[in-house]
Amino acid sequence: MTDDGTTRVQPPESAAGAPFWAGTRERRFTLPWCRACGRPHWFPREVCPHCLSDDLDWREASGRGAVHAVSVMPAGGAGGAARGPYAVALVDLEEGVRLMTEVIGCDPETVAVGLPVRLVWQPLGDGRHLHLFEPDR
Amino acid sequence: MADGRGLRGRAAIVGVADEVSPTGMIDGSVRALEARMIKAALADAGLSLADVNGVACNNSPGWAPSLELAEYLGIQPRWTDSTQTGGSSFEIHVEHAAAAIALGLCEVAVVVYAATPRSDHQRGTGGWRTRQTAGATPAAEWELPFGLRMPMGAYALAASRHMARYGTTSEQLAQIAVSTREWAAMNPAARLRDPITVEDVLASPMPASPLHKLDCCLVTDGAGAVVLTGADRARDLTRPPAYVLGAATCHTHSMISEMPDLCVTGAAVSGPAAFAMAGIGPGEVDVAQLYDSFTITVLLALEDLGFCAKGEGGAFAAEGVLGPGGALPTNTSGGGLAYTHPGQFGIFLLVEAVRQLRGDCGPRQVEGAEVAVAHGSGGVLSAMATVVLGTEAAL
């Protein structure tokens, strides 16, 4: 029931997000860290939202985390009729940031708050990859 | 002013108007509807367009809402506000207008909203996704690729978190829709008036789990306006003033993925600040108008405004206290769930609060209502604004 990426809204690539997307071309999952205050942030910005420094360092992340919240979209929903039921989740990464993603590789109804998950890449069709997650069994 | 009570009783809402239809559709362009609402609200107040020197609106075909509206009306205001926070914009406009009036920046201000999403949909124009997909916004880059159905999916995430953390149930959320529908049954202008049960809500389709269709607001056309002026002038006008006793705002995020805590909204800041300005507590509120884009929106507001403790909103609402005869009459018009929801509902919260304080609500009137709260929520639980209103007796 997972889709092939062709029915997704393709993410635009902002200047702030370009280093992230460049990493995904090599299947490297990176987060922006601030060299000034030592903290990571999400979503990517030109400056650190904690201290407004622009001295950022893209560091590889573990790709592990846990589901913070989840909602299952029914078939024929916003993702297009070709996409079956799927679980959109907010995931807390080990590094301490939260991001939106989709949890695949299981019955979407079994995706629950607290479920441990790990990164799985999905090709976007332009060389980039999208950061999805699957249960970390 | 520095005592936090600066706005208490300084300005009042003196005129209100709205237009909705049980069909969900009304005639007229957005701008024409706004003009119609302003005319009606001014007539309600016993004022005329010549008295208006402040204007607030958040919606426009172009880039400058209040400029374009004032030009359309042919007026040259000296106080203007195009603040756009979605559905809570109008509570913020009232907060700003009361402050402007208190400081002498203007004397008579109008706040207006009109939208025709239901008619637009019939014509094949407009729509949330059309707006959301425009340009390389952070939402387009970091949220849209995952296919979260908007806006209900954002609220569904908050509901899922609240359920996991506090044991809130779908049945408890459903009771909010049931109580609201009981009020709508008493409002001839409401879109949905047939009674529903908790079982009906749970049996309705699930556009984004754990929210059911009957947990979600309507999509209708609708328009409304309120007129504010200073307390001294208000006392000389046609109808009893609804004084602004307190008002406060807090926004916490724009995208749902950036909400600092999915179980706590900005109402935890705006509510206590507005109540402190008013010099009252939540226990002294006679009637509440709490933005009900979704049942979870109401549940979070009940907790964050202090009507019940954090985590207990489900059990609180499940007792039926929000409905007719309950301890906290809430969304007495039928709310966004059953009265009308033209994209943004905040103006209607204010209109209904004022009508309750005037005793104008007929069969749905809350007897002896002296203090009302209009609490707006905008974006995706993003921008909260709380206005406490009261009668002369509440001053």
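## Strand E9 of chain B and its partners

In which sense do strand E6 (residues 242-251) of chain B and E9(B) pair, and over how many bridges? The pairing of E6(B) with E9(B) is antiparallel and runs over 8 bridges. The model is predicted.

Strand E9 (residues 383-390) of chain B also pairs with strand E8 (residues 371-378) of chain B. That pairing is antiparallel too, over 8 bridges. Ala372(B) faces Leu389(B) of E9(B). Gly378(B) has Ala383(B) in E9(B) as its bridge partner. The hairpin of E8(B) and E9(B) has 4 residues between the strands. In this hairpin Gly379(B) adopts a positive phi near 70°.

## Burial of E9

How many residues of E9(B) are buried? The count is 8 of the 8, so the strand is largely enclosed by the rest of the structure. Both of its faces take part. Ala383(B), Ala385(B), Val387(B) and Leu389(B) point one way. Met384(B), Thr386(B), Val388(B) and Gly390(B) point the other way. All of these residues are buried.

## The sheet as a whole

E9(B) belongs to an open sheet of 9 strands in chain B. The order is E3-E2-E4-E5-E1-E6-E9-E8-E7, with mixed pairing. Strand E3 (79-81) and strand E7 (287-290) of chain B stand at the edges. Each has a single partner strand, so one side of each lacks a neighbour in the sheet. On average, neighbouring strands are turned by 20° against each other, direction ignored.

## Contact between chains A and B

Chain B puts 27 residues in contact with 29 residues of chain A. On the chain B side, helix H6 (138-142) and helix H7 (152-166) are the elements that give two or more residues. H7(B) supplies the largest share, 6 residues. By class, this side of chain B has 16 nonpolar, 6 polar and 5 charged residues.

## Domains of chain A

The contact between them draws 10 residues from domain 1 of chain A and 14 residues from domain 2 of chain A.

Which element gives the most to the side of domain 1 of chain A that touches domain 2 of chain A? Helix H1 (residues 18-25) of chain A does, with 3 residues. By class, this side of domain 1 of chain A has 6 nonpolar, 2 polar and 2 charged residues.

Note on methods
Residues are numbered from 1 along each chain as its sequence is written. Chains are lettered from A and ligands numbered from 1 in the order in which they are written. This is a predicted model: local features need pLDDT of at least 70, side-chain atom pairs count only at pLDDT 80 or more; totals for chains, interfaces and linings use all residues. Two residues are in contact if their C-beta atoms, placed from the backbone, lie within 7 Å. Ala, Val, Leu, Ile, Met, Phe, Trp, Tyr, Cys and Pro count as nonpolar, Asp, Glu, Lys and Arg as charged, and the others, Gly among them, as polar. Two strands pair if DSSP finds at least two bridges between them. Axes are lines fitted to C-alpha atoms, for helices over the stretch in contact, and angles run from 0 to 180 degrees between N-to-C directions. A residue is buried if 20 or more other C-beta atoms lie within 10 Å of its own, exposed if 12 or fewer, and partly exposed in between; C-beta atoms are placed from the backbone.
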